Amino acid sequence: MARRLRILCIDGGGIRGIIPGQVLVEVERRVMMHLGPEARLCDAFDFVAGTSTGGILASVYLCPQGSRPRFTAAQAVELYLQRGGEIFKRPVAHQVLSLGGLVDERYPATGLLAACDTHFGDLRLSDLLKPCLVTAYDIKRRRAYFFTQHDARKSLADDFLLRDVVRAASAAPTYFEPAQIYSQTGVPYPLVDGGVFANNPALCAYAEARHKLPGKPRARDMLIVSLGTGSSLKPYRYEEVRDYGLFRWARPTLDIMMSGVSETVDYQLARMFEAAGVPGQYLRLDADLEDEPNSVSDLDNAAPENMLRLQQIGQELAEQRRDDLDRFVETLCQEAARPEA
(Lines give C-alpha, C1' and ligand atoms only; values in the text may rest on other atoms or scores of the structure.)
Protein backbone atom coordinates (compact mmCIF):
# COMPACT_ATOMS: atom_id res chain seq x y z
CA MET A 1 0.00 0.00 0.00
CA ALA A 2 1.41 3.39 -1.03
CA ARG A 3 1.95 6.03 1.62
CA ARG A 4 -1.03 8.38 1.83
CA LEU A 5 -0.57 12.05 0.94
CA ARG A 6 -0.81 14.26 4.03
CA ILE A 7 -2.30 17.71 3.36
CA LEU A 8 -2.68 20.74 5.65
CA CYS A 9 -5.10 23.51 4.59
CA ILE A 10 -5.63 26.85 6.34
CA ASP A 11 -8.44 29.33 5.66
CA GLY A 12 -8.22 33.07 5.23
CA GLY A 13 -9.33 35.40 8.00
CA GLY A 14 -6.90 38.23 8.70
CA ILE A 15 -5.67 38.51 12.27
CA ARG A 16 -7.90 35.54 13.14
CA GLY A 17 -5.14 33.39 11.64
CA ILE A 18 -3.95 33.27 15.25
CA ILE A 19 -6.71 30.69 15.91
CA PRO A 20 -5.47 27.98 13.49
CA GLY A 21 -1.92 29.04 14.32
CA GLN A 22 -2.48 28.12 17.97
CA VAL A 23 -4.19 24.84 17.02
CA LEU A 24 -1.08 24.01 15.01
CA VAL A 25 1.09 24.68 18.05
CA GLU A 26 -0.73 21.74 19.62
CA VAL A 27 -0.42 19.69 16.45
CA GLU A 28 3.33 20.30 16.35
CA ARG A 29 3.64 19.36 20.02
CA ARG A 30 2.02 16.01 19.24
CA VAL A 31 4.22 15.57 16.16
CA MET A 32 7.29 16.02 18.36
CA MET A 33 6.01 13.36 20.73
CA HIS A 34 5.76 10.88 17.86
CA LEU A 35 8.71 11.84 15.65
CA GLY A 36 11.19 13.35 18.08
CA PRO A 37 11.97 16.74 19.69
CA GLU A 38 13.44 18.21 16.51
CA ALA A 39 10.35 17.39 14.41
CA ARG A 40 8.25 20.21 12.97
CA LEU A 41 4.88 20.56 11.25
CA CYS A 42 6.36 20.07 7.80
CA ASP A 43 7.59 16.63 8.87
CA ALA A 44 3.97 15.55 9.36
CA PHE A 45 2.66 16.97 6.06
CA ASP A 46 3.59 16.52 2.42
CA PHE A 47 1.63 19.50 1.07
CA VAL A 48 0.39 22.76 2.63
CA ALA A 49 -2.29 25.07 1.21
CA GLY A 50 -3.38 28.48 2.46
CA THR A 51 -5.53 31.45 1.58
CA SER A 52 -4.72 34.96 2.81
CA THR A 53 -3.59 34.61 6.44
CA GLY A 54 -3.46 30.86 5.78
CA GLY A 55 -1.00 31.57 2.97
CA ILE A 56 1.15 33.53 5.40
CA LEU A 57 1.15 30.63 7.85
CA ALA A 58 1.94 28.12 5.09
CA SER A 59 4.91 30.26 4.03
CA VAL A 60 6.16 30.55 7.62
CA TYR A 61 5.91 26.81 8.30
CA LEU A 62 7.77 25.93 5.11
CA CYS A 63 10.33 28.74 5.32
CA PRO A 64 13.80 27.16 5.24
CA GLN A 65 16.88 27.60 7.34
CA GLY A 66 19.24 25.31 5.55
CA SER A 67 17.34 22.08 5.00
CA ARG A 68 15.08 22.50 8.04
CA PRO A 69 12.21 24.85 8.97
CA ARG A 70 13.25 28.23 10.26
CA PHE A 71 10.21 28.72 12.51
CA THR A 72 8.34 26.57 15.00
CA ALA A 73 4.54 26.71 15.14
CA ALA A 74 4.78 28.69 18.38
CA GLN A 75 7.09 31.23 16.71
CA ALA A 76 4.55 31.63 13.89
CA VAL A 77 1.91 32.69 16.42
CA GLU A 78 4.43 34.98 18.07
CA LEU A 79 4.98 36.71 14.71
CA TYR A 80 1.29 37.61 14.65
CA LEU A 81 1.34 38.85 18.23
CA GLN A 82 4.44 40.96 17.59
CA ARG A 83 3.63 42.33 14.12
CA GLY A 84 -0.18 42.40 14.05
CA GLY A 85 -0.43 45.92 15.43
CA GLU A 86 2.11 47.15 12.89
CA ILE A 87 0.35 45.51 9.94
CA PHE A 88 -3.12 46.76 10.87
CA LYS A 89 -2.06 50.31 11.69
CA ARG A 90 -3.78 53.35 10.23
CA PRO A 91 -1.89 56.62 10.40
CA VAL A 92 -4.22 59.56 11.03
CA ALA A 93 -3.41 61.10 7.63
CA HIS A 94 -4.31 57.87 5.82
CA GLN A 95 -7.53 57.54 7.79
CA VAL A 96 -8.56 61.07 6.86
CA LEU A 97 -7.61 60.81 3.18
CA SER A 98 -9.36 57.44 2.79
CA LEU A 99 -12.47 58.67 4.63
CA GLY A 100 -12.10 55.79 7.03
CA GLY A 101 -11.66 53.30 4.20
CA LEU A 102 -14.61 54.41 2.06
CA VAL A 103 -12.64 55.83 -0.87
CA ASP A 104 -9.32 54.02 -0.51
CA GLU A 105 -7.94 50.91 1.16
CA ARG A 106 -8.35 50.79 4.93
CA TYR A 107 -4.63 50.27 5.64
CA PRO A 108 -1.38 51.22 3.93
CA ALA A 109 0.78 48.19 3.12
CA THR A 110 3.93 49.56 4.79
CA GLY A 111 3.64 47.42 7.94
CA LEU A 112 2.91 44.28 5.96
CA LEU A 113 5.81 44.92 3.59
CA ALA A 114 8.20 45.52 6.49
CA ALA A 115 7.18 42.25 8.13
CA CYS A 116 7.63 40.36 4.85
CA ASP A 117 11.08 41.85 4.29
CA THR A 118 12.18 40.99 7.82
CA HIS A 119 11.03 37.39 7.86
CA PHE A 120 11.41 36.30 4.24
CA GLY A 121 14.17 38.51 2.82
CA ASP A 122 15.14 37.39 -0.69
CA LEU A 123 13.83 33.84 -0.40
CA ARG A 124 11.87 32.55 -3.35
CA LEU A 125 8.73 30.46 -3.55
CA SER A 126 10.90 27.66 -4.95
CA ASP A 127 12.99 27.68 -1.74
CA LEU A 128 10.12 26.43 0.43
CA LEU A 129 10.65 23.01 1.95
CA LYS A 130 7.57 21.21 0.65
CA PRO A 131 5.01 21.49 -2.15
CA CYS A 132 2.41 24.12 -1.38
CA LEU A 133 -0.44 26.15 -2.83
CA VAL A 134 -1.25 29.76 -1.96
CA THR A 135 -4.29 31.36 -3.56
CA ALA A 136 -4.61 34.78 -5.20
CA TYR A 137 -6.79 36.35 -7.90
CA ASP A 138 -5.43 38.03 -11.04
CA ILE A 139 -7.59 41.13 -11.55
CA LYS A 140 -6.16 41.89 -15.03
CA ARG A 141 -6.51 38.43 -16.56
CA ARG A 142 -9.63 37.71 -14.46
CA ARG A 143 -8.65 34.30 -13.26
CA ALA A 144 -7.58 32.45 -10.14
CA TYR A 145 -3.85 32.34 -9.58
CA PHE A 146 -2.13 29.65 -7.54
CA PHE A 147 1.40 30.07 -6.21
CA THR A 148 2.84 26.55 -6.11
CA GLN A 149 6.29 25.59 -4.90
CA HIS A 150 6.37 22.43 -7.02
CA ASP A 151 5.80 24.45 -10.21
CA ALA A 152 8.21 27.19 -9.13
CA ARG A 153 10.99 24.60 -8.87
CA LYS A 154 10.46 23.67 -12.51
CA SER A 155 10.02 27.09 -14.10
CA LEU A 156 11.19 30.64 -13.43
CA ALA A 157 7.90 31.83 -14.91
CA ASP A 158 6.14 30.31 -11.88
CA ASP A 159 8.66 31.50 -9.31
CA PHE A 160 8.35 34.67 -7.21
CA LEU A 161 10.00 36.28 -4.23
CA LEU A 162 8.33 34.80 -1.18
CA ARG A 163 7.67 38.24 0.27
CA ASP A 164 5.72 39.08 -2.89
CA VAL A 165 3.68 35.88 -2.59
CA VAL A 166 2.69 36.82 0.95
CA ARG A 167 1.94 40.41 -0.06
CA ALA A 168 -0.36 39.25 -2.87
CA ALA A 169 -2.04 36.63 -0.72
CA SER A 170 -2.83 39.33 1.87
CA ALA A 171 -4.26 41.95 -0.50
CA ALA A 172 -7.82 41.69 0.83
CA PRO A 173 -10.12 44.11 -1.03
CA THR A 174 -11.05 47.18 1.05
CA TYR A 175 -8.28 46.37 3.57
CA PHE A 176 -5.10 46.59 1.45
CA GLU A 177 -4.48 47.80 -2.08
CA PRO A 178 -3.91 45.18 -4.79
CA ALA A 179 -0.36 43.87 -5.12
CA GLN A 180 1.60 44.39 -8.34
CA ILE A 181 4.30 41.74 -8.27
CA TYR A 182 6.67 40.20 -10.82
CA SER A 183 7.65 36.65 -11.61
CA GLN A 184 11.33 35.75 -11.90
CA THR A 185 10.95 36.22 -15.67
CA GLY A 186 9.75 39.81 -15.17
CA VAL A 187 6.06 39.31 -15.99
CA PRO A 188 3.78 41.58 -13.91
CA TYR A 189 0.81 40.18 -11.99
CA PRO A 190 -1.78 42.49 -10.37
CA LEU A 191 -3.30 40.32 -7.64
CA VAL A 192 -5.73 40.41 -4.75
CA ASP A 193 -6.39 38.04 -1.87
CA GLY A 194 -7.59 34.58 -2.93
CA GLY A 195 -10.34 34.82 -0.32
CA VAL A 196 -12.54 36.35 -3.02
CA PHE A 197 -12.99 32.87 -4.50
CA ALA A 198 -11.43 30.27 -2.17
CA ASN A 199 -11.37 31.38 1.44
CA ASN A 200 -11.17 27.70 2.32
CA PRO A 201 -8.42 26.35 0.02
CA ALA A 202 -8.94 22.67 0.82
CA LEU A 203 -10.79 21.79 -2.39
CA CYS A 204 -8.15 23.66 -4.42
CA ALA A 205 -5.49 21.62 -2.61
CA TYR A 206 -7.34 18.39 -3.38
CA ALA A 207 -7.58 19.29 -7.07
CA GLU A 208 -3.92 20.34 -7.24
CA ALA A 209 -2.76 17.12 -5.59
CA ARG A 210 -5.02 15.03 -7.81
CA HIS A 211 -3.78 16.75 -10.96
CA LYS A 212 -0.07 17.40 -10.36
CA LEU A 213 1.43 15.45 -7.48
CA PRO A 214 3.02 12.03 -7.99
CA GLY A 215 0.61 9.13 -8.17
CA LYS A 216 -2.44 11.30 -8.92
CA PRO A 217 -3.89 10.51 -5.48
CA ARG A 218 -7.62 10.17 -4.91
CA ALA A 219 -9.57 10.81 -1.71
CA ARG A 220 -8.74 7.39 -0.27
CA ASP A 221 -5.04 8.15 -0.85
CA MET A 222 -5.14 11.42 1.14
CA LEU A 223 -5.28 12.62 4.72
CA ILE A 224 -6.53 16.23 4.91
CA VAL A 225 -6.52 18.54 7.93
CA SER A 226 -8.53 21.71 7.23
CA LEU A 227 -8.45 24.60 9.71
CA GLY A 228 -10.79 27.58 9.83
CA THR A 229 -10.17 30.98 11.38
CA GLY A 230 -13.38 31.11 13.40
CA SER A 231 -16.99 31.42 12.34
CA SER A 232 -19.33 34.05 13.76
CA LEU A 233 -22.20 33.87 11.25
CA LYS A 234 -23.18 37.41 12.17
CA PRO A 235 -26.84 37.92 11.21
CA TYR A 236 -27.82 40.73 8.85
CA ARG A 237 -31.40 41.72 9.54
CA TYR A 238 -33.66 42.53 6.62
CA GLU A 239 -34.87 45.74 8.24
CA GLU A 240 -31.26 46.86 8.63
CA VAL A 241 -29.83 45.99 5.21
CA ARG A 242 -32.82 46.62 2.91
CA ASP A 243 -31.64 50.16 2.20
CA TYR A 244 -27.90 49.45 2.05
CA GLY A 245 -26.07 50.93 -0.93
CA LEU A 246 -22.74 50.12 -2.53
CA PHE A 247 -20.52 51.38 0.29
CA ARG A 248 -22.47 49.77 3.13
CA TRP A 249 -22.70 46.39 1.38
CA ALA A 250 -18.94 46.10 0.78
CA ARG A 251 -17.93 44.64 4.15
CA PRO A 252 -21.02 42.43 4.70
CA THR A 253 -20.58 41.00 1.20
CA LEU A 254 -16.96 40.07 1.93
CA ASP A 255 -17.96 38.50 5.25
CA ILE A 256 -20.81 36.45 3.72
CA MET A 257 -18.69 35.37 0.78
CA MET A 258 -15.79 34.20 2.96
CA SER A 259 -17.93 32.21 5.40
CA GLY A 260 -20.17 30.81 2.65
CA VAL A 261 -17.24 29.54 0.61
CA SER A 262 -15.60 27.94 3.64
CA GLU A 263 -18.79 26.12 4.66
CA THR A 264 -19.47 24.93 1.11
CA VAL A 265 -15.97 23.52 0.63
CA ASP A 266 -16.20 21.70 3.97
CA TYR A 267 -19.53 20.17 2.92
CA GLN A 268 -18.17 19.09 -0.46
CA LEU A 269 -15.03 17.49 0.91
CA ALA A 270 -16.85 15.71 3.72
CA ARG A 271 -19.24 14.18 1.15
CA MET A 272 -16.34 13.23 -1.15
CA PHE A 273 -14.49 11.37 1.60
CA GLU A 274 -17.71 9.69 2.71
CA ALA A 275 -18.38 8.56 -0.87
CA ALA A 276 -14.85 7.13 -1.03
CA GLY A 277 -15.51 5.14 2.15
CA VAL A 278 -12.84 6.98 4.20
CA PRO A 279 -14.64 9.76 6.15
CA GLY A 280 -12.02 9.51 8.91
CA GLN A 281 -9.29 10.73 6.54
CA TYR A 282 -10.71 14.25 6.47
CA LEU A 283 -10.67 16.49 9.56
CA ARG A 284 -12.12 20.00 9.74
CA LEU A 285 -11.62 22.19 12.82
CA ASP A 286 -13.14 25.64 13.21
CA ALA A 287 -13.97 27.73 16.26
CA ASP A 288 -17.48 29.00 16.96
CA LEU A 289 -17.29 32.73 17.66
CA GLU A 290 -21.06 33.11 18.15
CA ASP A 291 -20.79 34.00 21.84
CA GLU A 292 -17.78 36.28 21.43
CA PRO A 293 -18.03 40.10 21.13
CA ASN A 294 -18.41 41.27 17.52
CA SER A 295 -14.93 42.80 17.67
CA VAL A 296 -13.35 39.35 18.04
CA SER A 297 -14.61 38.31 14.60
CA ASP A 298 -13.14 41.41 12.91
CA LEU A 299 -10.40 40.56 10.42
CA ASP A 300 -8.30 43.53 11.50
CA ASN A 301 -8.68 43.84 15.27
CA ALA A 302 -5.02 43.69 16.25
CA ALA A 303 -5.48 45.14 19.72
CA PRO A 304 -3.19 43.20 22.10
CA GLU A 305 -6.06 41.96 24.25
CA ASN A 306 -7.98 40.74 21.18
CA MET A 307 -4.97 38.86 19.78
CA LEU A 308 -4.50 37.15 23.14
CA ARG A 309 -8.19 36.20 23.12
CA LEU A 310 -7.81 34.70 19.64
CA GLN A 311 -4.85 32.68 20.93
CA GLN A 312 -7.01 31.44 23.81
CA ILE A 313 -9.81 30.49 21.40
CA GLY A 314 -7.32 28.45 19.35
CA GLN A 315 -6.10 26.69 22.48
CA GLU A 316 -9.68 26.00 23.60
CA LEU A 317 -10.51 24.56 20.16
CA ALA A 318 -7.50 22.25 20.30
CA GLU A 319 -8.55 21.04 23.76
CA GLN A 320 -12.19 20.57 22.76
CA ARG A 321 -11.10 18.45 19.80
CA ARG A 322 -8.29 16.69 21.66
CA ASP A 323 -9.41 13.18 20.75
CA ASP A 324 -9.71 14.02 17.04
CA LEU A 325 -6.29 15.67 17.04
CA ASP A 326 -4.66 12.78 18.89
CA ARG A 327 -6.10 10.24 16.47
CA PHE A 328 -5.32 12.20 13.34
CA VAL A 329 -1.78 13.25 14.30
CA GLU A 330 -0.94 9.67 15.25
CA THR A 331 -2.07 8.57 11.78
CA LEU A 332 -0.11 11.37 10.11
CA CYS A 333 3.06 10.40 11.95
CA GLN A 334 2.61 6.72 11.21
CA GLU A 335 2.40 7.61 7.52
CA ALA A 336 5.45 9.90 7.84
CA ALA A 337 7.46 7.03 9.31
CA ARG A 338 6.57 4.61 6.51
CA PRO A 339 9.03 4.27 3.63
CA GLU A 340 7.85 5.63 0.31
CA ALA A 341 6.75 3.01 -2.21
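**Entry 1: Arg-6**

I began with Arg-6, which I found in strand E1, residues 5-10. I noted that the model is predicted. Is Arg-6 buried or exposed? Its relative accessible area is 2%. The cut-off for buried is under 20%, so Arg-6 counts as buried.

Next I looked up its polar partner. The side chain of Arg-6 makes a polar contact with the side chain of Asp-46, at 2.5 Å. I then listed what Arg-6 touches, leaving out residues up to four places away in sequence. Asp-43, Ala-44, Phe-45, Asp-46 and Phe-47 are among them. The list also includes Leu-223, Leu-332, Glu-335 and Ala-336.

**Entry 2: H3 and H4**

I turned to a helix pair. Two packed helices are described by the angle between their axes and the distance between the axes. Helix H3 covers residues 53-62 and helix H4 residues 73-87. I read an angle of about 135° and an axis distance of 10 Å. H3 and H4 are therefore oblique to each other. Their crossing is right-handed.

Which residues meet? From H3 I noted Thr-53, Ile-56, Leu-57, Val-60 and Tyr-61. From H4 I noted Ala-73, Ala-76, Leu-79 and Tyr-80. The residues of this contact divide into eight nonpolar, one polar and no charged.

**Entry 3: Asp-266**

Last, I looked up Asp-266 in helix H12, residues 246-275. Its relative accessible area is 25%, so Asp-266 is partly exposed. Not counting residues up to four places away in sequence, Asp-266 touches Asn-200, Tyr-282 and Arg-284. I also checked Asp-266 against Ala-157. They are 109 residues apart in sequence and 32 Å apart in space, C-alpha to C-alpha.

Methods. Residues are numbered from 1 along each chain as its sequence is written. This is a predicted model: local features need pLDDT of at least 70, side-chain atom pairs count only at pLDDT 80 or more; totals for chains, interfaces and linings use all residues. Side-chain values use heavy atoms; hydrogens and water are left out. Helices (H or I, at least four residues) and strands (E, at least two) are DSSP runs, numbered from the N terminus. Buried means under 20% relative accessible area, exposed over 50%, partly exposed in between (1.4 Å probe, protein chains only). A polar contact is a pair of N or O atoms within 3.5 Å; within protein, one must be able to donate a hydrogen and the other to accept it, and residues adjacent in sequence count only if both atoms are side-chain atoms. Contact means heavy atoms within 4.5 Å. Axes are lines fitted to C-alpha atoms, for helices over the stretch in contact, and angles run from 0 to 180 degrees between N-to-C directions. Angles under 35 degrees count as roughly parallel, over 145 as roughly antiparallel, 65 to 115 as roughly perpendicular and the rest as oblique. A crossing is left-handed if the near helix is turned anticlockwise from the far one by less than a right angle, and right-handed if clockwise. Ala, Val, Leu, Ile, Met, Phe, Trp, Tyr, Cys and Pro count as nonpolar, Asp, Glu, Lys and Arg as charged, and the others, Gly among them, as polar.
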